Amino acid sequence: MDVTPLLAWDALPLAVVLSSFVPGVMIMFLKEEQARLRNSLNMAGAVAKVALVGLMLQGVAGGASYEWALEVVPGLSLTLRGDALALLFVTLSAVLWLVTTLYAIAYLEGSANRTRFFAFFSLCVTATTGLAMAGDLFTFVFFYEALTWATYPLVVHKGTPEAIRAGRTYLYYTLGAGAILVVGAVWFQVEAGTVQFAAGGVVDATAVASGPITWAFIFAFLLIGMGVKSALFPIHGWLPTAMVAPAPVSALLHAVAVVKAGAFGITRLLHSLFGIEVAWEMGAAVAVAALAAFTIVYASVRALSQDDLKKVLAFSTVSQLSYIALGVALLDPLAHVGGLIHLVHQGIMKITLFFCAGLIAQTLGVKKISDMGGVARRMPLTMAAFTVGAVGMIGLPPVAGFISKWYLGLGALGAGQPWVIGVLLASSLLNAAYFLPILRTAYFDDPDPSWARGAEGPRPRLEADWRLVLPAVTTAVFSLAAGLLAASSWSPLGWAILIIEQGVL
Amino acid sequence: MMGPSSSHGPGVSSPSPSGDAPTGPDASSPSPLLRDHGERDGPPLLRWLLGLFLVPVGILLALGLKGAAGSRDPRIPDLIAKHLPETGVSNPVTGVLLNFRGYDTLLEIAVLVAAMVAVWSLDRGQRHFGLPASASASGGAGGGRPFLSAILRLAVPTAFLTAVYLTWMGSSEPAGAFQAGALLAGAGVLLSVAGVLRPLTAAALPVRIVAAGGVAGFVVTGIAVLPFTGAFLAYPEGWAYPLILGLEAALAVAVAVILVELFVDVPSIPAHDAALDAVDPYGDPLGRALAPDPSPADPEAP
Amino acid sequence: MTSLDLYVWAGVVVFLLALHAVVTRAHLLWKVLAINLMGTGVFLILLAAPARRDPMVADPLPQGMVLTGIVVAVAATALALGMALRVMARTGSPFLTVDPETEEPDPDAPEPPR
Amino acid sequence: MTGAELWTTAAVFGPLLASLVALGGRPAALKAGLLLGSVTTLAGSLGLWLQVLQHGPVRHLLGGWGAPLGIELWADGFSVVMLAVTALVGAAVSLYSLSYFGDLSTLDAETSPAGRAARYFVPLWLLLWSALNGIYLSADLFNLYVTLEILGLAAAALVTLAVTPRATVAGMRYLIVSLVGSMLFLLGVALLYTEFGTLALEELSAAAPGGPMAATSLALMTVGMAAKTALFPLHAWLPPAHAGAPAPASALLSAVVVKGSFFILVRLWFAVYGGGSEAGLVLMGGLGAAAILWGSVLALRQRSLKRVIAYSTVAQLGYMFVMFPLLAPEGLGGPDPRWSDDAWIGGILLAVSHALAKASMFMAAGNMSYAVARDGLRDISGVAHRLPMSFLAFGLGGLSLAGLPPSAGFVGKWLLLREALSAGGWFWVAIITVGGLLTIAYVLKVLRHALDREASDGDFRPVPRRMEWAALLLALASASLGVRATEVFQVLLQGGVQPWT
Amino acid sequence: MTDVVTTGLLLDGLIALLLAGLAFRLLRTRDLFEAIMLFVAYGLTLALAWIRVGAPDIALAEAALGAGVTGALFLNAWHRLAVRAGSDDRLPMEADP
């Protein structure tokens, strides 16, 4: 099929956003019993999104660029721009949404309020793709705030008092920071005169030199707004408490969509708004790097003391997100590549871990690490995927994690910041310190009586529902492929290098 | 300078005048509704403060008005005098009311209609007006009350006559539709109090048609002249006088009917409102209890 | 101090007396009376103040306004009286008993028998 | 005869005639009245919108006489936008009210209060509608007074349609406050006529009122209109009235009726008085800020659904008065020319988004309490699962009030913040932001009750589909205005803040 | 006092004083019937004032509407309260149904 006419279609970014918005709205009006219609709508939307993103990848790789704008008020417009940087995040979201939809359909089979769940699930992905392709700060904040309230019903999905409390903490953090973000964004427009994202930033150094305090405040406001979702140190508290949400939510939103929105926001802030040089001169980039470094270590230390599996993964996410912030904050393009590819790598690895955690909790009812003795014997495939993820988290080859840490190290040397390598090593050791015991108990300890009773019976051909295991294995394979085939141009590393070459950052 | 009796500054809470009823309302003294001993009037200190605040405001206002020279130039009266001949009437006030600012008079009648509909919407209690059937049947107008029937025979016809005169002369002499309407209303009130005029309930169609006639006449005339003169309520050449006279007549009748309706239609106060007990203060504003759940097969039930 | 100034003063005094009474007198019918008086106070000012010209020219515009004002006042009074009587019928007291700030339906309170 | 005369006549006298038709009382007359009123108003406001967009402000000389003698109907961007919002909300609520009162044919007005309410809601609402349209198109002070009087009487009567004694007392208090407000306004008119000898707003603004008499008159009129708009110190009458009234009535009262006197205040302060004094504007803004804090705090404390929304009205009205100091001509530091229209467009967008969102929230709340026949927050728990559309409408409305995207409120807040930041008004920036967060707090409180797990499975009255669609359509309108508001922006520039300078 | 004290001025002064006095007395009374009677008197005095100001139309309207109809409305309301209170001072024609 000759796709060239489609390639030049400027409203492709809008189509990508609508591909999850339309099913989401349609699902909202379905009755609870219409499960099959709902699932097919969802899957159709997911497949359509991946297809459209594939088209855009082909186009952007060929040098094309897509821009669609709707003027909200003269001077403010919703602009969606499909450039290489945006596509990095959009591809990640689209692919993982497809995988997670399959996982969620199986995971939530028979539970209540699924219509509301899948409707808001699609709205969240819409908001994520929207903010990924945002062409200016107004559109970014538009989708960023929409993401905040769209995630709330998913966090409180179970309706238990604990879920409602988690939802309340989530909103205190995100809405509070969101209000500060809006003020920062408007202030930026007032001072800089425009909100457009531009490679290398729109703020000129002389303006910053003339009003350093104002610009410092603007940067701080915007950083707080972005930082809350990328769980930077003081404002990360909501992420562990939000683990009370069902597994698919933790997997896609709290490993990929919501938290990456924050990290992506920091990238936009440093590169597309201020420009890395101006940010570095202001000393803002150094602050971000330092804060990120501290978060990396602090979160890893907190992860050590956790017994609940999902809490460990949550704190690991908090620390891994700061790798991205650290990478993009340094002055060296290689570090930027490291930060960008870690955005993808952490996504696919962490989603694997969350899938496995959900699988173990669903099939064996095991939530604590202490009860995970001998799980590998009962669920070999799941634990294999978990191991791939864990190894990637630690940063050992051949999984993708190693590549991002490698480039981060190279970038740190290039930027003349050797202390960053120390942080990377320390966090790798800490990661090992809390992931390896999990693997050890799973593989070598004798099965824990609490779930072992059911093990003697004839083992079902596959350890759990195939629609749960398949996603976990697939993402594990992705993690391995991203590591092994890093050299190919279609790998995340290849795409990150393309971003630097096209000068989009 | 004989200023107003400013000695009694407002807010002076003089002790309740001697002629007042003794403190405890004994059985024979009229009900609490009729008297207000100020038990709910709020603390005297607040009343004094408000009074102290208002006195200087008053003085400033009066001095300001005294000095207000702005409107010394008689621009508006001269303009009205100059354009009066074009309005088809010679009485300037009627000219202002029905030609220059006809829209205001239209809205004024709309206010009366609004008040009438609003009073209808208060749930009208039973009507205590009019003599019971037996009394009026025996003694004709005014039943056994010679004095009242004498007044009726004298007052009502003259009121009608004067009303017609007022409406007719309104265009030249200081009179007009509203004064005529008020007179007719007075006559109507007399008749309804005497029980002769059976108070028609609000549901009666004639009452609604006549009451709405005033506004309808105005709006229809306004729209009718629109194509010819390019503006709402702009009377075409030569048509001003007849149209104004017609409108005045309609206004007078409508005002009369509405005022009688407002007078007659006041809700009575039942000693005990039985319906009140069934009303759940936190419930449905219209007091509708939950209808028994319709058959589950109801398609609309979600 | 021409005669018209006297009426302006009278208008101001009546207006403020009535405004004071509307706020302080709790009985509903006195409030309605006071609102009427406020109206007449304004009409006094409206007719007397602009008319103070050396050649006393009667200005028909304020007269038209005052006539409209009087009719509007009658309509408003009729409704206010009707509503006041309904309040008295419903709450049995001639005062606005329920204070908005403190009063709030308390659905947590023991449910009245439905 | 240009189109302006036709459209203004349709907008003001259409609903007036319709109310007379609706006086017939029978269901057919009621439906015909609502249809006629809606059609004429929608046509009138659309026609005027196009006229103003092309030719700028249009006028219609009633009776053929010019300004000092006669009255003229005058429409600029601001009046046309308010006309359109009132038409939209009015049509939706009219649709809603047809099913809210139940099956009109079977209801007997004499016995059942619902029958009586249905029979008299329609004519009163249509009179109210024509009065509102009259206010938005009026350019004459005394004409404003008489139209305000119709507004006051009809609105108070709408409140007392409810049977509860609480609503009767609330209606009485509303009527008294409304009448006192009108009297103060009339005294202001008398002072202005004494000083300047004219009633036409255009001539008054040409005379640039500034003396002590003009200032006193502005103060009197402002207190009068603030009482009718329930601005902070004079807000006590609003919550019991708007919460006690039947659902369609409270939707109208909160969404459009309070906007009438707000419109007059904006017209007086900026078009006639050219911004008044900066101290005065800051005072109005300060009262607005106090209203936001007081209204939100009390909304959080309420335990009945409609009282939360009523106090939210008090708070959101405060938002609109925050626009006043930001519109100060010399500004708090001189507005940056690039954002000079921001506060004007932002403030009116907030008013528009509040009208749409508040009407949809009251209708949604009406649906929820219609279903369980009780209004307590505890009673509607778990109703979200049975009324998904009403729950969605309430949520979307809440988003718009809080200024979260996608909603007109978000765009309005962005513009107001841009003006405040460019003028260095840090206090207003803080107020706007804190106000948004407080709004989210009380909207969430209601949503949480509606989502509550242990649904009180008491008996449940099915809500007609039409009522849910009416609520949802308005909420969607408010959300879609958040995505595309350029047309509103352009028409608002016709005439702008000071149309007669 | 520069301008000469003409009889007209005296009359106006009296009317103005009467208006203010009636209003003050009316708003201070404790008995409703007395208040209504004072209100009707106030209305008629006001009609006199309108004549003095040179507005005959308004005088007629004030007398008919201000004093007449409004007074009747208040009396009617007073009557409603009296009937409710069951006190004996009902209007003569109010025969018990």
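This is a predicted model: local features need pLDDT of at least 70, side-chain atom pairs count only at pLDDT 80 or more; totals for chains, interfaces and linings use all residues.
**Exercise 1. The side of chain B that touches chain D**

Task: Find how many residues of chain B and chain D are in contact, and which element of chain B gives the most.

Solution: 
- Start with the totals. Chain B puts 64 residues in contact with 68 residues of chain D.
- Next, list the elements of chain B that give two or more residues. They are helix 1 (44–67), helix 2 (75–83), helix 3 (92–100), helix 4 (102–121) and helix 8 (205–229).
- Now pick the top contributor. Helix 4 of chain B gives the most, with 13 residues.
- Finish with the classes. This side of chain B has 40 nonpolar, twelve polar and twelve charged residues.

**Exercise 2. Two helices of chain A**

Task: Describe how helix 15 and helix 17 of chain A cross, and which residues make the contact.

Solution: 
- Take the geometry. Helix 15 (residues 333–364) and helix 17 (residues 380–394) of chain A have axes that come within 9 Å. These axes cross at roughly 145°.
- Helix 15 of chain A passes helix 17 of chain A in a left-handed crossing.
- Name the residues. From helix 15 of chain A come A:His345, A:Met349, A:Thr352, A:Leu353, A:Cys356, A:Leu359 and A:Ile360. Helix 17 of chain A brings residues including A:Phe386, A:Val388, A:Gly389 and A:Met393.
- Sort them. The contact between helix 15 and helix 17 of chain A has ten nonpolar, five polar and no charged residues.

**Exercise 3. Domains of chain D**

Task: Work out which elements of domain 1 of chain D touch domain 3 of chain D.

Solution: 
- The domain assignment of chain D gives domain 1 (1–137), domain 2 (142–276) and domain 3 (278–501).
- The C-alpha centres of domain 1 and domain 3 of chain D are 25 Å apart.
- Count the contact. Domain 1 of chain D supplies 19 residues, and domain 3 of chain D supplies 23 residues.
- Assign the domain 1 side. Helix 2 (27–55) and helix 3 (77–100) of chain D are the elements that give two or more residues. Helix 3 of chain D gives the most, with 13 residues.
- Check the classes. The domain 1 side holds 15 nonpolar, three polar and one charged residue.

Key
Residues are numbered from 1 along each chain as its sequence is written. Chains are lettered from A and ligands numbered from 1 in the order in which they are written. Two residues are in contact if their C-beta atoms, placed from the backbone, lie within 7 Å. Helices (H or I, at least four residues) and strands (E, at least two) are DSSP runs, numbered from the N terminus. Ala, Val, Leu, Ile, Met, Phe, Trp, Tyr, Cys and Pro count as nonpolar, Asp, Glu, Lys and Arg as charged, and the others, Gly among them, as polar. Axes are lines fitted to C-alpha atoms, for helices over the stretch in contact, and angles run from 0 to 180 degrees between N-to-C directions. A crossing is left-handed if the near helix is turned anticlockwise from the far one by less than a right angle, and right-handed if clockwise. Domain bounds come from an automatic or database domain assignment.
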